[in-house]
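Hello,

Here is the structure for your files. My notes on it follow below.

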Amino acid sequence: MDDVSLSSSESDQELEDIVEEVADSEPLSSPQKTDSSRMHAIEGATSDTGTAPENNVVDKEASSSPIDELDKESRELRTTLLGLPSGELSATGALRAKALMEAFVLPLVLEMNPVGTTTAQAKQQKPASRSLTSLIVSLARDRPMECVDAILVPSLTNATEDWEPSRFQCELISRVLRAGRDSLSPQAIAHFVEKILPTDADSRGVKWTDNTMPLLTTCLNRRPPLSGIVIARMADEIIDVLSPIKCNSMEKSMKFATLFNALVTKYGPQLKSASKVDPLIEAVPRLKTFMSKTINTSLKKLK
């Protein structure tokens with residue numbers, strides 16, 4: 001396992017310093033703070049003729065965009081994590097990449113919602129920093145499978161029965177899933193869904209909440225190559241939620257209805273092959289949203 005450790009104590013110290021900078025970075029949803037004096041320096045840096053006045057020197061720091069600085073920080077942390085220049089990232093061993101992500105990136109995500117967090121503490125939680133988000137998006141692009149196994153899945157699942165992912169953790173993962181060309185590949189998304197929705201009843205998956213269900217809907221809308229077993233398991237979860245013996249707010253949840261509709265419209269043929277159409281039709285009347293008729297119509301077309 002020598003290949004899963006950093007080369008020297010100096011590298012370890014450098015990594016710890018950079019990780020601390022990422023953890024303390026400005027949150028995603030916080031407003032961008034602007035130094036008025038620097039703004040005046042930028043505005044007055046050039047005259048109407050395009051030449052710089054003699055007594056007006058532009059601060060070098062003010063001339064660089066905050067986004068450029070954050071992107072630079074993200075690149076530095078990613079390079080340090082994997083021990084190679086960014087262009088050579090794909091040459092890194094999968095085992096080493098996963099171990100380093102688990103050791104240095106996952107703790108930053110888990111700290112956003114520690115186990116045993118009280119309601120009062122939950123209200124004080126903050127969203128992920130821009131640099132942490134940029135880092136994970138970058139890792140998801142370059143090492144998708146390792147990122148899913150080492151960061152995304154552990155962030156959503158926990159052995160503690162009453163624990164559930166926070167809104168900010170789910171927002172972070174949603175940004176990774178919606179990152180355009182830099183988002184996870186269809187194969188990695190399929191792997192992600194399979195991991196958070198176990199195919200056997202004994203293993204724990206992600207708890208379905210108003211924060212986590214949109215993640216599943218986003219995945220289904222990408223139409224990853226999901227197996228019939230996974231589709232059947234998701235259908236069983238929907239049927240279980242809508243069972244008569246379980247009276248909960250999911251019946252009126254638009255996010256649950258949207259997930260239900262995405263499963264039916266994107267994976268109808270697989271639902272039919274798994275013999276889940278009739279059980280789903282029986283469950284639809286217990287869905288108390290305006291989408292129930294649309295879902296029922298789509299299911300009947302599959303018969």
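Residues 24 or more positions apart make up 75% of the contacts (heavy atoms within 4.5 Å) in the protein chain that have a separation of 6 or more. This is a predicted model, in which local features need pLDDT of at least 70, side-chain atom pairs count only at pLDDT 80 or more, and totals for chains, interfaces and linings use all residues. Residues are numbered from 1 along each chain as its sequence is written, and side-chain values use heavy atoms, with hydrogens and water left out.

The protein chain has 16 helices and zero strands; both are DSSP runs numbered from the N terminus, helices being H or I with at least four residues and strands E with at least two. The accessible surface of the chain is about 16300 Å², and carbon and sulfur atoms hold 50% of that (Shrake-Rupley method, 1.4 Å probe; for residues, only the protein chains shown count as cover).

Helix α4 (residues 94-104) has Arg96, Ala97, Leu100 and Met101 as its buried residues. Seen down the axis of α4, they fall within an arc of 130°, so they line one face of the helix. The arc is taken from the directions from the helix axis to the C-beta atoms.

Two helix pairs come next. Helix α7 (residues 130-142) packs against α8 at an angle of about 135°, with the axes 6 Å apart. That makes α7 oblique to α8 (angles under 35 degrees are roughly parallel, over 145 roughly antiparallel, 65 to 115 roughly perpendicular, the rest oblique). Axes are lines fitted to C-alpha atoms, for helices over the stretch in contact, and angles run from 0 to 180 degrees between N-to-C directions. On the α7 side the contact includes Ile136 and Leu139, and on the α8 side Pro144 and Cys147.

α9 and helix α11 (residues 213-221) pack at about 10°, with axes 10 Å apart, and that makes α9 roughly parallel to α11. Here Cys170, Ile173, Ser174 and Leu177 of α9 meet Leu215, Thr218 and Cys219 of α11.

Finally, Trp163 sits in the loop between α8 (144-156) and α9 (167-177). Trp163 is buried, at a relative accessible area of 9%. Trp163 and Lys207 are 44 residues apart in sequence and 8.4 Å apart in space, C-alpha to C-alpha.

Regards

Key. Buried < 20%, exposed > 50% of the residue type's maximum accessible area, 1.4 Å probe, protein only.
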